[in-house]
Every structure is written in structure tokens, then in C-alpha cells.
There are 2 protein chains.
Amino acid sequence: MPVTARDPHETDAEREAAQGGQVTGPLLTEIDHVAIAVHDLGAAVDYYRETFGAVVEHREVVESDGVEEVLLAVAESYVQLLTPTSDDSPVARYLERKGEGIHHIAYRVADCAVALQSVKDNGGRVIDDAPRPGSRGTTVAFIHPKTAFGTLIELVEE
Amino acid sequence: MPVTARDPHETDAEREAAQGGQVTGPLLTEIDHVAIAVHDLGAAVDYYRETFGAVVEHREVVESDGVEEVLLAVAESYVQLLTPTSDDSPVARYLERKGEGIHHIAYRVADCAVALQSVKDNGGRVIDDAPRPGSRGTTVAFIHPKTAFGTLIELVEE
């Protein structure tokens, strides 16, 4: 952003508007989870439990996404182990194309709609045009990896 | 692990030994960082800064790994943006083969040697046979994705 002379009477909101909607404070308050796609959920849970003493905090079938997930607690974040519950779910296609591995990263945000709007305002492509229900009673939205340096990003509001 | 009758006089250490070196407490104390491999470090930093108001906390060229990294702070964790500094570095080969995206996940541990030993004791393949210096003055070791459900895992001791 070019350095320009500023009107000292300009308010924060005016300054933000002049910057074309750029955010001024950090929107990402926590790595909510890192999602790992696996073929065998039980075996993956055993691996993290036996090797690292990880603790299962939550388990849920998310019908709308065609997955079963297990959350392992790591401080304020989670490792999310994901496996498809149907052959045509996005995670099933991911496993077929790329094999097991890190599927997406999710950031916790105070307001999913605000963060999603910032993505759009900055020219980012989105997968979910509006926030929608996620697992654990959260509100989520996915951002397209195309304009996010190859990374599938999920925004999570608790 | 099968449920067996326990000697009530058995100590924690004896119990652990009887379990074949399985850990009893959580070894992973924090998601240290999620590493994202990119072609253009400056453009990626701008993306996170402009879209999410992310703050650059650290920048370092790690000659031994052939990468330049930028750390963006997210609570107690980081997003690590990585770009190769030479054509034959592992990250350069990764970008060539798979394109931009999430490269590895790093967990903070109290003792890198202890966590690495637990991986070996549980039959996991490792990339670093012993802890070695990482960026920011840390001590690190990488675990092979082959026995970790396709995920390249780094253990980080601060």
C-alpha cells in the first residue's frame, strides 16, 4: 500500500474505507483445526493416541458433508481426522485423487460473515457464498484454494 | 489395548513399561505452525495481511532446508509461509510435483527427543533420526508421512 499523507481528523472507519475495505486488526483468532483425510478413522485415532497420547474430544457424522470426523484436542486447537461416509463425498474424491493427508486448515474467527466478506472484498474466491452450519454447532464457510495459494481454508465461528 | 487386571501397587512407570512404551499424557502441547508452500512469498504475505489482517512475526532464510520462511502469528500458533531458495530443495520439488498448498503440520512438544522416541517405539518411520536445529533457535525433528497417514509432521521444541 503506498504511503500517503493522512488527514489527522480522519476516523478509523474512514481510513479503512479509503483502504478499499482492507482489515486493520487480525481476523484469525486461533487455528481451530487442521483436517487430515484418512481411509481408516479407527486406525488413525489409535496412531495419535498411542504415539502422542492424544485425547479424543468429539466424534460426529456430518451428513451434509458426507464425513465422519474425530477431534483430538491440542491446546485450544484440534486435529480433525476425517473419513468419507459415502463414495461421492468431496473427501472420498480427495482420497481417490491425492491419497491420505492434510485436507484443509480451519481458522477460528469472531464473526464468520465478516471474515467471509473480507475474503470477497479482497478478490478471493469462495466455496460457500454465505456462512452455514458446521459440526459442533459452529458456523462455517470455506474459501476456494484457487485464490488462497493452493490452501483450502475454512472459517469457523464457535 | 486389551483390558487387563492391574496390580494396584504398580507404579505409573511400571504401567507404562508394561504397555510397551505407550505414552500416558499428551505429548503435543500446541499446533506450533501449519506450513504452506508458495511460489511468491511476498504475494502470499500480502494475501494474509490484506484479507485477514495477519501480522508478520518472523522472517528467516533457513539455508540447511533451502527455504525462506515467514511466520504469521495466530494466537499461540503460526502460519508458516515457505518458499524454496534453491531449485533442488525439498520444498522446490514439492511445488513442482504437487503445486502450492499445505506442506506440513508442526506440533510443539516439551522435549523433542522424547516425542521422537515415542514415534519410533510405536513403529513410526522418521525422517530425522535425532533432533536437529530448526528456525528461530528451535530444536526439531520430522516424522515420515508414510506411517503417519500421509501427513508430514514436524516436532518443535522451543
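**Figure 1. No salt bridge links chain B and chain A in this predicted model.** The count of salt bridges between the two chains is zero; the term means a side-chain nitrogen of Lys or Arg within 4 Å of a carboxyl oxygen of Asp or Glu. Polar contacts do occur: six residue pairs, both at pLDDT 80 or more. A polar contact is a pair of N or O atoms within 3.5 Å; within protein, one must be able to donate a hydrogen and the other to accept it, and residues adjacent in sequence count only if both atoms are side-chain atoms. Local features need pLDDT of at least 70, side-chain atom pairs count only at pLDDT 80 or more, and totals for chains, interfaces and linings use all residues. Residues are numbered from 1 along each chain as its sequence is written, chains are lettered from A and ligands numbered from 1 in the order in which they are written, and side-chain values use heavy atoms, with hydrogens and water left out.

**Figure 2. The face of chain B that touches chain A.** In chain B, 45 residues contact 45 residues of chain A; contact means heavy atoms within 4.5 Å. About 3,700 Å² is buried between the chains, 68% of it on carbon and sulfur atoms. Buried area is the accessible area (1.4 Å probe) that two parts lose on being put together, summed over both. On the chain B side, B:Phe52, B:Ile102 and B:Phe149 lose the most area to chain A, together 21% of what that side buries. β1 (30–37), α2 (41–52), β4 (77–84), β5, α4 (112–121) and β8 of chain B each supply at least two residues of this side. Helices (H or I, at least four residues) and strands (E, at least two) are DSSP runs, numbered from the N terminus. α2(B) gives the most, with eight residues. By class, the side holds 27 nonpolar, 13 polar and five charged residues. Ala, Val, Leu, Ile, Met, Phe, Trp, Tyr, Cys and Pro count as nonpolar, Asp, Glu, Lys and Arg as charged, and the others, Gly among them, as polar.

**Figure 3. The open sheet of chain B.** Eight strands run in the order β2-β3-β4-β1-β5-β8-β7-β6, with mixed pairing. β2 (55–62) and β6 (132–133) of chain B are at the edges with a single partner strand each, so one side of each has no neighbour in the sheet. Strands pair if DSSP finds at least two bridges between them. β7 (residues 139–143) and β8 (residues 153–157) of chain B are antiparallel, with five bridges. B:Thr139 has B:Glu157 in β8(B) as its bridge partner. Helix α2 (residues 41–52) of chain A packs on this sheet, touching β5 (101–108), β7 and β8 of chain B, and its direction makes about 25 degrees with that of β8(B). Axes are lines fitted to C-alpha atoms, for helices over the stretch in contact, and angles run from 0 to 180 degrees between N-to-C directions.

**Figure 4. A hairpin in chain B.** β2(B) and β3 (residues 67–74) of chain B pair antiparallel over seven bridges. B:Val56 stands opposite B:Leu72 in β3(B). Four residues lie between the two strands of the hairpin, and B:Gly66 in the turn has a positive phi of about 65 degrees.

Figure 5. The open sheet of eight strands in chain A has the order β2-β3-β4-β1-β5-β8-β7-β6, with mixed pairing. Two bridges join β6(A) to β7 (residues 139–143) of chain A, in the antiparallel sense. A:Pro133 is opposite A:Thr139 in β7(A). A:Asp65 forms a salt bridge with A:Arg132, with the closest N and O atoms 3.5 Å apart.
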